[in-house]
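Trainee: I've got a structure here and I'd like to go through it with you. Can we start once it's on the screen?

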Amino acid sequence: MDVSETDLPGVGKRFELDVGGGETAVIVVHNTGRREVFVRPDPGADAELLLDLTDQQARIVGSILEGAYFQPVETDRTATTIGDNVLLEWYTLEADAPLVGKSIKEANVRGETGATIAAIERGGEVIQSPDPDWVFEADDQLIVVGTREHHEQFAAEAT
Amino acid sequence: MGTSPWCGRSVCLPVVIAVAGELIEVGVMFAAVALAGAIARGLRQSVIPFYIVTGILLNPFVAGELTGTVLGREFAVGRSVEATHFIELGAELGIVFLLFFLGLEFNLDRLLASRDRIGTVGLIDLVVNFGAGLVLGFALFGDPLAAFIVAGMVYISSSAIITKSLIDLGWIANEESSPLLGTLVFEDLFIAVYLAVLSALVDGAGDVTEAALSVSLGLGFILVLLVVVYIGTALFASIIETESNESIALRVTGVTVLVAGAALTLGVSEAVAAFFIGMAFSGTGRAKKLEQLLEPVRDIFAAVFFFWIGLVTDPTLFAGVVGIIAIAVVVTTPTKLLSGFWSGKVYDLDDRRSTRVALGMVTRGEFTLIIASTVLVVTDGGGALPAATVTELNAFAVGYVLVMSILGTMLMQYASVFETRVTAWRSGE
């Protein structure tokens, strides 16, 4: 994915990214910190201003777009403690959970959250050690093992 | 306003009143400028012509005359010698800071990266407009030096106004901003050299060898500054190596104004010196911080500069130069349109965007006035030009900028009208 960068002497820099459908995202970063976000609807057209952001606002919008601005989600769960700080918890996946539709491999739960999915219950059946291509669905019940921090991470990212 | 050592009862009061009078003059200036700026923004116009007009309205020729006849006592800004000196120095600082910022934002590496295209469009702009200016100047004034001055005045477009318009109109996000900004960068560089040469030429006697010596000294000073900028980055970085914002601001101002003043004493353009000092600080990589700290200072003194231009201009002189202003406008608008359109084509832009480049280059402003003030200040008390010519050139510059700044801004705002016309005409060819 190519981002083209143009120097704007005395103003700042302009970045352009093709986002498909003929549309181009154009962002002008001013030396003053101001950011202007435009969309160019098709290659020959003028760029239309969408957002005129201060430095502060740009950083917030940026982090939202980056996926770092999470809101914790409440889940219906019970917990069992194994050892000092390892917990075993049950989670039910809602229809809008981020995991739904992803395969085990894609989700990379251990890598992303540190927690491990020990088993999955679907339609009354318990599946142990599902293969990497196995896809999560809504109403799946997951048995997850990990520390409290892992569980918090998991809850935030996957459910 | 504490107690002063010479303040005996009967001595103190007149001193206070005297200072009070000057302070009020300066206060009126700042208040009026602020009001003018508000009006300009309300009308979505550039503030520069409004600052100038404010200076004209409040000067001894206008406000002084009017109040003198109506009220019997003259009230104007610039009546007291002290206030006038302060405003004049403020104007000098305005030039210094304007050019300092230009140097600060200047990036030599980036310029070199696009040097082919910028070089091409810069030369097109130079040959067409400076050339036309030389012919025009000689036709109007009959003097080669005056022609050189007029050429510079009509050649240089206003980076400040055009850049601001580009951002306001959103053109900054489109392709046409590249040839526009590129040409402006080339112009900035050229004008630095031009001002150095001009100061030397205008200062000297009519003697050719003396003039040549002056010019060499000026160019030599520039060379020294260039070397300092290139190898002295560590030095400049160490100057601003401090936590305190106050300290940074003071040190940078100290260095800049000191070097600019030294340059002026040597007969070299202080604007050019400030430009190179700005470039030197830009090399430290802390340009953003410096811009942040000094922008308000620049804005205040720049406003004083434009006010001062109006202050020293007698509007009755406009009557005498209206003719040459009209001719200049008629000649130098199409030249910019031509060079601008051509520049757009160099950047492979279509007719529509090339038209925008053409319209965008028309605006003249701060640099034309800086040239005028250079001539004014350097010839003060005698120089290479007769006083009458200097006054005429000054009135010409002010009137020309008032027209071109507003004309140029309007052309950009109503660009779509021209775009459709030009595209239709060109496709019909």
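Predicted model: local features only at pLDDT ≥ 70, side-chain atom pairs only at ≥ 80, totals over all residues.

Trainee: Okay, how many cavities of 30 Å³ or more does a search of the whole structure find?

Mentor: The search covers the whole structure, and the cut-off is 30 Å³. With that cut-off, the number of cavities found is one.

Trainee: Which elements each supply at least two residues of the lining of that largest cavity?

Mentor: Start with the space itself: the volume is about 80 Å³, and 13 residues line it. Nearest the centre are B:Glu92, B:Glu270, B:Ser373, B:Thr374 and B:Val377. By class, the lining splits into six nonpolar, four polar and three charged residues. The elements you want, each with at least two lining residues, are H4 and H17 of chain B.

Trainee: Now the second largest pocket: how much space lies in it, and which residues are closest to its centre?

Mentor: The space comes to about 550 Å³. There are 26 lining residues, and they divide into 13 nonpolar, nine polar and four charged. Helices H3, H4, H14, H17 and H18 of chain B each give two or more residues to this lining. Closest to the centre are B:Trp308, B:Val312, B:Leu376, B:Val377 and B:Asp380.

Trainee: What is the angle between H2(B) and H3(B) where they pack?

Mentor: Two packed helices are described by an angle and a distance between their axes. Here H2(B) covers residues 47-58, and its axis lies 4 Å from that of H3(B). The angle is about 40°.

Trainee: And which residues of H3(B) does H2(B) meet?

Mentor: On the H2(B) side, the residues are B:Ile56, B:Leu57 and B:Leu58. By class, this contact has six nonpolar residues, with no polar and no charged ones. The partners in H3(B) are B:Pro60, B:Val62 and B:Ala63.

Trainee: Let's look between the chains. Which three residues supply 31% of the area that chain A buries against chain B?

Mentor: The size of an interface is often given as the accessible area lost when the parts come together. In this model, about 1500 Å² is buried between chain A and chain B, with 50% of it from carbon and sulfur atoms. The contact involves 19 residues of chain A and 18 residues of chain B. The three that supply more than any other three in chain A are A:Pro9, A:Asn31 and A:Asp46.

Trainee: Last one: which element of chain A has the lowest mean pLDDT?

Mentor: Chain A has a mean pLDDT of 84, and 89% of its residues reach 70 or more. Over residues 71-77 of chain A, though, the pLDDT is below 50. Among the elements, strand S4 (residues 35-40) has the highest mean, 96. The lowest mean, 64, belongs to strand S6 (residues 79-82) of chain A.

How values were computed
Residues numbered from 1 in each chain as written. Chains lettered and ligands numbered in written order. Heavy atoms only, no water. 1 Å grid on protein atoms, 1.4 Å probe; cavity = no way out; pocket = protein on both sides within 12 Å on 5 of 7 lines; lining within 4 Å. Points joined across faces, edges and corners; volume = space filled by probe spheres on them. Nonpolar A, V, L, I, M, F, W, Y, C, P; charged D, E, K, R; others polar. Axes fitted to C-alpha atoms, helices over the stretch in contact; angles between N-to-C directions. Contact = heavy atoms within 4.5 Å. pLDDT = per-residue confidence, 0-100. Buried area = accessible area lost by both parts, 1.4 Å probe.
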